[in-house]
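Here are my notes on this model, as numbered points. Please read them with the structure open.

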Amino acid sequence: MTLRTNYHTHSHYDDGEGEIEDYIRAAIAAGFDSYGVSCHAPVPIPTGDEWMMPLDQLPAYVAEVRGLQATYRDCLAMYMGLELDYAPGLQEYYRTTLQPHGFDYFVGSVHYVGTDGAGVPWCVDESAARFAEGLESGYGGDIRRAVEKYYGLQREMVGTPGVAIVGHMDKLKMWNVGERYFRESDPWYVAAVEETLQAFKAGGLIVELNTKGLRIEIAAPYPAPWILARCKVLEIPVQVNTDAHAPDEIAAKFPEAAAILRDAGITEVAYRDGDRWLLRPF
């Protein structure tokens, strides 16, 4: 079988390009039988970033997805989600503002890791310059402390209602080209990853192989192949998502992702079936 699902996708509601329906049509053309919409949730993190969905657009988003589910119900199973930025102290907001809309799932992601020297939330994937500046001003240049904080936030995220998928688990490495900041073989880094995987296992979460990293300078999947191999050993379910921000990215790097999974010994991927996550060969 081939890969036929994608549950991490965006649209014009956030920092993506195009209508949700454009992505659905691309998914059908690619032979998908299951698809999830997961625009960036409106989350009250005071940063001024414009890539999250505005809160006043949430009702329109929900109504549009529900309408498209009805329109395309005979073509593919379509699910309504959000990419939920995790930050401490927002559990009540998630519960009262987002969950009542009846989302099928959330992709839980960490983009903000503490604050910089000015007290502004530090977005670790904004740019190479912002990463370097925030690391220096917020963490005194201590990459180990920053990385351990990042994975600590992911562990805190476990148990957040609705979060089923871990988004781009090791995305913090995206500026680590040529091991500029750290080596993934460093014992402290391996230990942080292992502790986090154990938390995901206990929480019943799915780890996505996000192909976006294959499409940028780091040229590596999120997470790294050795982490995927640990998922196999720990029996943590895995799926492949592209983090599509344009319709033509709907199946981007799927052949490469399939090869990476097979090299890690993974032969099944998680997919949504009604209100359940199941496994099937690919």
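1. Start with Asp 243, which sits in the loop between S9 and H8. This is a predicted model, so every remark below concerns a prediction. Asp 243 has a positive phi of about 55°, although this residue is not a glycine. Is Asp 243 buried or exposed? Its relative accessibility is 3%. The cut-off for buried is under 20%, so Asp 243 counts as buried.

2. S9 covers residues 238–241. Both of its faces are covered. Val 238 and Val 240 are buried on one side. Gln 239 and Asn 241 are buried on the other.

3. Now the partner of S9. Strand S8 (residues 206–210) pairs with S9 in the parallel sense. The pairing runs over four bridges. Which residue of S9 stands opposite Leu 209? That residue is Val 240. Glu 208, in turn, stands opposite Gln 239 in S9.

4. How does the chain get from S8 to S9? The path goes through helix H7 (residues 225–234). This β-α-β crossover is right-handed.

5. With 0% relative accessibility, Gly 213 counts as buried. Residues up to four places away in sequence aside, Gly 213 touches Ile 218, Ala 219, Ala 220 and Tyr 222.

6. Ala 219 is in the loop between S8 and H7. Its phi is near 50°, a positive value in a residue other than glycine. Pro 223 also lies in the loop between S8 and H7. The peptide bond from Tyr 222 to Pro 223 is cis. Its omega is near -5°.

7. Lys 171 lies in the loop between strand S7 (163–166) and H6. Is Lys 171 buried or exposed? Its relative accessibility is 10%, so Lys 171 counts as buried. Neighbours within four places in sequence aside, Lys 171 is in contact with His 111, Asp 125, Tyr 150 and Tyr 222. Lys 171 and Ser 109 are 62 residues apart in sequence. Their C-alpha atoms are 9.5 Å apart in space.

8. Turn to helix packing. Two packed helices are described by the angle between their axes and the distance between the axes. Helix H5 (residues 143–157) and helix H6 (residues 187–203) pack at about 5°. Their axes are 9 Å apart. The cut-off for roughly parallel is under 35 degrees, so H5 is roughly parallel to H6.

9. Which residues make the contact of H5 with H6? From H5 come Ile 143, Arg 144, Val 147, Glu 148, Tyr 151, Gln 154 and Arg 155. From H6 come Trp 188, Tyr 189, Ala 192, Val 193, Glu 195, Thr 196, Ala 199 and Phe 200. The residues of this contact divide into nine nonpolar, two polar and four charged.

10. H5 also packs against helix H4 (residues 128–139). The angle is about 100°, and the axes are 10 Å apart. Roughly perpendicular spans 65 to 115 degrees, so H4 is roughly perpendicular to H5. H4 contributes Phe 131, Leu 135, Gly 138 and Tyr 139 to the contact. H5 contributes Ile 143, Arg 145, Ala 146 and Lys 149. The residues of this contact divide into five nonpolar, one polar and two charged.

Key:
Residues are numbered from 1 along each chain as its sequence is written. This is a predicted model: local features need pLDDT of at least 70, side-chain atom pairs count only at pLDDT 80 or more; totals for chains, interfaces and linings use all residues. Side-chain values use heavy atoms; hydrogens and water are left out. Buried means under 20% relative accessible area, exposed over 50%, partly exposed in between (1.4 Å probe, protein chains only). Helices (H or I, at least four residues) and strands (E, at least two) are DSSP runs, numbered from the N terminus. Two strands pair if DSSP finds at least two bridges between them. A crossover is right-handed if, with the strands pointing away from the viewer, the path from the first strand over the helix to the second runs clockwise. Axes are lines fitted to C-alpha atoms, for helices over the stretch in contact, and angles run from 0 to 180 degrees between N-to-C directions. Angles under 35 degrees count as roughly parallel, over 145 as roughly antiparallel, 65 to 115 as roughly perpendicular and the rest as oblique. Contact means heavy atoms within 4.5 Å. Ala, Val, Leu, Ile, Met, Phe, Trp, Tyr, Cys and Pro count as nonpolar, Asp, Glu, Lys and Arg as charged, and the others, Gly among them, as polar.
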